[in-house]
Amino acid sequence: MLRENSSFLETLLYDDFDCKVSMHENEGAMYHLANVMLTLGFMSGSSFVGLIYIFSLLAIGFFIHSLWGWLDACGLDFFMWNLLLLLLCLAQLAHVGYRLRKVTFEEDFSQLYKAMFRPLQVPLNVYKEIVRCSGAQVVNLARDQNYAVEGKTAIDRLSLLLSGRVRVSHDQQFLHYIFPYQFLDSPEWESLRPNEEGSFQVTLTAETDCCYVTWKRRKLYVLLAKHHYIGRLFTVLLGNDIADKLYALIDKLYCRGGVRYDIRLPSLYHVLAPSVESEKEKAADSSRHDSFNAQESPVKKSPPDHAELIGEDSSSLVLEDFADMTGSFMEYTSEKEYMK
């Protein structure tokens with residue numbers, strides 16, 4: 001029994017309780033329930049939702065342990081340690097809730113996160129660092145305005161299109177389009193090392209009113225070097241973007257015989273398309289024949305039917321147009337030489 005004239009603190013510290021747990025008895029259901037809560041708490045992930053799940057269940061488990069230590073085990077040290085851990089879990093929950101409340105973005109950046117970063121399970125705090133590096137500003141690009149001009153605009157930034165459509169051309173020849181949530185200059189970014197400088201080899205023109213987010217080159221390099229996770233993330237995003245642009249370009253690449261050229265199957269060109277020498281001979285014979293017909297009749301020959309030019313249109317490219325480029329596929333005479 002408790003002493004009648006003792007204070008509450010003295011009662012807690014010195015008086016004996018009629019404890020239910022002895023050395024030879026079981027701990028009871030309350031003790032096992034607390035351990036179940038702790039076990040479930042340690043089975044979550046590391047995202048913000050996972051952190052809330054972890055510390056919520058841990059707080060419940062430590063609270064039940066505190067009750068068990070106070071009511072059943074009569075152990076003051078056990079009660080105080082679990083109470084301390086309970087307070088730490090509650091403080092951590094408050095901190096996570098504060099961070100979630102502070103991670104808010106404008107509409108454009110929220111849509112960007114939902115479209116590109118949330119499918120990759122990028123945490124909001126990491127995405128916040130990426131947005132902060134860009135200055136959290138959206139740049140507008142009016143219709144028919146150039147984002148970059150070939151041979152003139154320096155490669156000093158990396159931009160991502162948020163809305164609109166941009167046309168990419170080289171020497172006034174259309175190459176492909178850039179659509180929302182695609183990088184505007186990913187090939188140029190990957191073509192240079194951090195200490196190198198260069199200029200655009202293509203012209204980027206807005207076909208509609210566009211807006212984009214941009215990162216300064218040096219500032220982004222510092223971020224990628226500081227956070228390796230963000231560096232790997234941008235490597236994946238840029239690689240996928242360049243692959244999409246390459247396949248968009250291949251869709252408009254044809255041989256003279258109307259065969260679609262696939263960069264993944266270089267031997268297919270030799271099988272389906274005529275050789276370069278035969279093409280040149282046919283072109284020479286055709287030019288001589290055309291000049292002879294022009295001398296006989298002043299009437300201009302009508303253009304060939306669209307069916308004769310399989311796959312070729314005003315925006316199509318011809319494989320032989322790249323024959324003069326260094327390292328071109330046309331320089332190789334066989335598949336074995338190409339694959340070396």
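Which residue in β7 is the bridge partner of L161? Before answering, a word on what you are looking at. This is a predicted model, in which local features need pLDDT of at least 70 and side-chain atom pairs count only at pLDDT 80 or more, while totals for chains, interfaces and linings use all residues. Residues are numbered from 1 along each chain as its sequence is written, and side-chain values use heavy atoms, with hydrogens and water left out.

The partner of L161 is Y212. Strand β3 (residues 157–163) runs antiparallel to β7 (residues 210–216), and the two pair over six bridges. Strands here are DSSP runs of E with at least two residues, helices are runs of H or I with at least four, and both are numbered from the N terminus; strands pair if DSSP finds at least two bridges between them. Six of the seven residues of β3 are buried, meaning under 20% relative accessible area with a 1.4 Å probe, protein chains only.

Now turn to the largest nonpolar core, which has 28 residues. Such a core is a set of buried Ala, Val, Leu, Ile, Met, Phe, Trp, Tyr and Cys residues joined through side-chain atoms within 4.5 Å. W215 is among the members that touch the most others. Beyond its neighbours within four places in sequence, W215 is in contact (heavy atoms within 4.5 Å) with residues including L158, L160, F183 and F234. A second, separate core of 17 residues includes Y212.

Finally, find Q182 in the loop between β5 (173–178) and α7 (186–191). Q182 is buried, at 18% relative accessible area. Setting aside neighbours within four places in sequence, Q182 contacts L160, L161, Y177, D241 and K245.

Conventions:
Buried < 20%, exposed > 50% of the residue type's maximum accessible area, 1.4 Å probe, protein only.
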